[in-house]
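Here is a short report on a structure. It covers a ligand site, a loop residue and a helix.

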Amino acid sequence: MGIDRIIEQDAFARNDIIRLLQSEGPDKELLFRKSAEVKEKLIGKKVWLRGLIEFSNICSKDCLYCGIRRTNKNLLRYNLPDEEILSAAKFAYDNRYGSVALQSGEMESRSVTLRIENLVRKIRELSGGTLGITLSVGEQEPEVYKRWFDAGAHRYLLRIEATNESLYRKIHPHNGRYDFRRRLDCLKALQDIGYQTGTGVMIGLPFQTMDDLAGDLLFMNEFNIDMCGMGPYIEHADTPLAKHSADLPPLSARFDLTLKMIAILRLMMKDINIVAATALQAIDPVGREKAVRIGANIIMPNITPGPYRDSYRLYDNKPCTSDSAGDCRDCLEARLSLADHEIVYGEWGDSIHYEKRRKGKQQNPDK
Ligand code: SAH
Ligand code: SF4
């Protein structure tokens, strides 16, 4: 079957996805044109913002790919005081970003639970309940997720990282803390509690195959996610996975593959929110804008106070670590207008998929 016929189908088989991932030249152009059309039809040439506050790089985990892993001693650890987190949220409110996303290393403890609960409440207070709140603070017990949801958080991003369990094991240390099943259970708990649930994977990992990537997209569809944040894997020199660099495709190929993953997912799940990951911009200065053109509709501008940005280094060459939050906004405005897209200010920009899923549930409460 030709690529044109594959794209027109209602559902993709694993082999179709692999064909699309391998498309080049006019076939790839066709894929990108179709995914852009789908986005424009359902969502418009629009982008919504989530002001990203990387509030702490302290992490109890040791993921083999990540620059802020627990055993990396080569960085300054920080934990932003509550006032600074709240003033970053106030910046997002004053600048009509619509939403904030709080992200950090993974810590599980009662004090962390209470702290985040309090921060969520305070962000709601300072914005009169108008700022959307996304959390991305890793694996937690269902009760903890529920407390934060009740406090006012309504979206959660937890990347599954790799849906092939054997690949997942290769990129995580071998002990009980890195249980693939627990990560899945966490995602399920988030969905059951009522969060808009987001997941994603890294693209271009050592040992990863096209078949794995096709499986990742099928998983997202099957799991019925509301949001996706996926980006290229980029080495961090101080991590164990970096020693496999020589076997990896160049960054430009990982970038290209990420765009294809976004385009295919947009065709498969037309009404979900898809993030144009910051890691794309680490490879190509207009990487996020390229992703927006072919299907992504969310950007997460960094509003972490300047001095801390450089220390939240998940991978090498993280962009814009010396900019201020205001610089990021002005720069984005200019870049997106070049990409023929507009930023929607002052709106949550919830995933249409989530709304439909919720309404469907009300009509069929047993489902
Ligand atoms: N600690 C939380 C959230 C912060 S990490 C968690 O792990 O869920 C956020 C994301 O950064 C991770 O999900 C991972 O996909 C991504 N990341 C980490 N190291 C990376 C690297 N070297 N290249 C690209 N993305 C990376
Ligand atoms: Fe910690 Fe998240 Fe990095 Fe893993 S990916 S080491 S959990 S910050």
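## Terms and model

Buried means under 20% relative accessible area, exposed over 50%, and partly exposed in between (1.4 Å probe, protein chains only). By that cut-off His154 is buried, because its relative accessible area is 11%.

This is a predicted model: local features need pLDDT of at least 70, side-chain atom pairs count only at pLDDT 80 or more, and totals for chains, interfaces and linings use all residues. Residues are numbered from 1 along each chain as its sequence is written, chains are lettered from A and ligands numbered from 1 in the order in which they are written, and side-chain values use heavy atoms, with hydrogens and water left out.

## Loop residue His154

His154 belongs to the loop between helix H6 (142-151) and strand S5 (155-157). Helices (H or I, at least four residues) and strands (E, at least two) are DSSP runs, numbered from the N terminus. The His154 side chain reaches the backbone nitrogen of Ile133 at 3.0 Å.

## Ligand 1

Of the 18 residues around ligand 1, Tyr65, Ser104, Arg159, Glu161 and Ile234 come nearest. Around means that a residue has a heavy atom within 4 Å.

Nitrogen atoms of the ligand face backbone atoms. A backbone N or O atom of Tyr65 is 2.9 Å from a nitrogen atom of ligand 1. For Ser104, the corresponding distance is 3.1 Å. A polar backbone atom of Ile234 lies 2.8 Å from a nitrogen atom of ligand 1. Taken alone, ligand 1 exposes 550 Å², and the protein buries 92% of that.

Definitions and conventions:
Polar contact = N/O pair within 3.5 Å; in protein donor to acceptor, adjacent residues only side chain to side chain. Areas by Shrake-Rupley, 256 points an atom, 1.4 Å probe, with all protein chains shown as cover.
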